[in-house]
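The entries follow the order of the search.

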Amino acid sequence: MPELPEMEIYRSHLERNCTGQTITQIEIGRPKSINVGVREFKQAVQSATLTGFSRAGKALVFHLSTGNVLLNHLMLGGAVFYGTKDEAPQRTFQVTFWLDQGRALWWTGLRLGWLHLLTPAELASYRADLGLDPLDEHFTTAYLASLLQGRRGKLKPLLVDQQLFPGIGNCYSDEICWTARIHPLRIAGSLKTDECERLWQATQSVLTDATARGGYTETPFHKGDQFTGGYLPHLKVYDRNGEPCPRCGTPIALVEASNRKVFFCPACQPEATPEISIATSARKSEAEPFLSADVK
Ligand SMILES: [Zn+2]
């Protein structure tokens, strides 16, 4: 599923190519992808100009000249393509917006994804349910530490919780933990100050670097788009189980936790600092049965 970097890349592509263009015609191939009736949607969106684009966690916001917005979540497998009819991917389109310069925005793979028409107040309410964006200037080490403080849950499920770390998902949570040299299944509240600092640094560097290099989705935004997907070769652990850790050469491990795959290096992301191991070793086998069985 596209995460913060992928959606930032979409946002900049859209900003560059589509700002100021007017939506001349709309085709809805899958009415379930929108939140109002097809007729109402067309009446509200057709003839509107795209005035700008922003991001809300893993969702894109299309700002319209009418004052309303379109909130787009691609979920798993969704993609947006910009181009002429001849360039469009050979796939079924759930939504198509024809724009006044002769090209169109084509949405594909919106099986779980959606494109919703919202008022500014509805958008504000959606944003209010998300935590502070990890790339916001107020997202500091101290703020991150406050999110983890006292938490008895494991780090990975918290890192993908959109109310805490909006925009981070399965892939970048693992990349961030690897970069910070922290085991993704550590008890979140057990992280020390220096570990919170490392986690914050890793959050910033991984998300920024991935955005600058094109993210990991392989679906191009337009014909000849060589940028999108450029971060794929730079992933260190995600989907690389069995491959050598780029830092120490130990094979990358894969475990499952809370129904999620977790990729990490068992050597340079130790399960716990030695003093914590000693303190909890007596009840460890009870509390973390799958860890002792899977992490070797
Ligand atoms: Zn390693």
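**Aromatic rings**

I looked up W114 and found it buried, at a relative accessible area of 18% (buried is under 20%, exposed over 50%, partly exposed in between, with a 1.4 Å probe and protein chains only). The model is predicted, so I note that local features need pLDDT of at least 70 and side-chain atom pairs 80 or more, while totals for chains, interfaces and linings use all residues. Residues are numbered from 1 along each chain as its sequence is written, and side-chain values use heavy atoms, without hydrogens and water.

I then searched the whole structure for aromatic pairs and got 15. Rings of Phe, Tyr and Trp (its six-membered ring) pair if their centres lie within 6.5 Å; planes under 30 degrees apart are stacked, over 60 edge-to-face, the rest tilted.

One of the pairs is W114 with Y126, edge-to-face at 6.4 Å centre to centre and 80 degrees between the planes. Because W114 is in strand β8 (residues 114-118) and Y126 in helix α3 (residues 120-128), the pair ties together parts 12 residues apart in sequence (helices, H or I, of at least four residues and strands, E, of at least two are DSSP runs numbered from the N terminus). Y126 is partly exposed, at 23%.

Next I checked Y216 and Y238, a tilted pair at 6.3 Å centre to centre with 35 degrees between the planes. Y216 is buried at 12% relative accessibility, and Y238 is partly exposed at 25%.

Last, I noted one aromatic cluster formed by F41, F53, F62, F97 and W107.
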